[in-house]
Amino acid sequence: MSRTYTAEGTGDALLLVHGHPFDRTMWAPQIAEFSRTHRVVAPDLRGYGSAPVVPGTGTTLLSDFAEDVRALADALGIEWFTLGGLSMGGQIVMECYRLFPERINGLVLADTFPAAETPEGRAARNAMADRLVREGMKGYADEVLDKMVAPYAEESVRAHVHRMMTSTQPEGAAAALRGRAQRPDYRALLTTIDVPTLVVVGRDDTYTPVADAEAMHAAIGTASNPSVSNPNISTLAVVESAAHMPNLEQPAVFNAALHGLLDRVAARAKA
């Protein structure tokens, strides 16, 4: 079996979690940039990329993915890390913070949202899961490409995203969709975050609009003082000329925001 994660560079650890239905190659611009200063780890989630589908698993919960993240960090001897994720990956990041906040010294929540699924959303995700198993990934990938990346994005980026989607194992994607349909509500969790956090979103993201990112940013770290959003905890970056995947569509802008977060993490560690 091929290796199911990328680990490059040395220094403080930065662990990046991909979204649905992608794989670890979605973080290629960030691996190239940050492996010069950090130990960057990007896994394929179970059922995605080169990671196998767990036999007999019809549902993969966010907590299952989170435990996989913890197990990988343990296997690599990484005690503390900055943890980032996009879309479903961002929800996995929130679940990780719920389960083991003592391991995490910084957070990146990209193009994601914290609310539990609605009844209509649960039905839609479960129906899509059945469709993917029945029909495969190509029809879905063709339909959603212009929402994942903006129609004006570079063709090489669009091709990369489409290739990731069509290469995903339908059973793995379906299991994750069923799990996301059961996800908890993380909005109260956001208020308890006490590590430097970057909330980032593409200006033209229709899956997770800017208003969702603004609400997350405003909530983070407010448990101790609900009337004040703490700028020392959360920063918000809205990436122009990008949709749901600003890390690929506008990597220089995304990387600049991530550099700012990592600088804050490092400064806090020295304080």
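Reply: A residue counts as exposed when its relative accessible area is over 50%, and as buried when it is under 20%. The model is predicted. With those cut-offs, turn to helix 11.

Helix 11 covers residues 251-270, which makes 20 residues. From its first C-alpha to its last it reaches 28 Å. That is close to the 28 Å expected at 1.5 Å a residue.

Now the buried side. Its residues are F254, N255, A257, L258, L261, L262 and V265. They cover an arc of only 160° around the axis, so they sit on the same side of helix 11. The general rule behind such a pattern: an α-helix has 3.6 residues a turn, so residues three or four places apart point the same way. The face turned away from the buried side of helix 11 carries exposed residues: A252, D263 and K270.

Next, the backbone. Most residues other than glycine have a negative phi, and most peptide bonds are trans.

H20 and P21 are joined by a cis peptide bond, with omega about -5°. P21 lies in the loop between strand 2 (13-17) and helix 1 (28-34).

D111 is not a glycine, yet its phi is positive, about 45°. Its loop runs between strand 5 (104-110) and helix 4 (119-135). D111 is buried, at a relative accessible area of 1%.

S241 also has a positive phi, near 55°. S241 lies in the loop between strand 7 (234-239) and helix 10 (246-249). At 40% relative accessibility, S241 is partly exposed.

Key. Residues numbered from 1 in each chain as written. Predicted model: local features only at pLDDT ≥ 70, side-chain atom pairs only at ≥ 80, totals over all residues. Heavy atoms only, no water. Helix = DSSP H or I, 4+ residues; strand = E, 2+ residues; numbered from the N terminus. Buried < 20%, exposed > 50% of the residue type's maximum accessible area, 1.4 Å probe, protein only. Expected span 1.5 Å × (residues − 1). Arc of directions from axis to C-beta.
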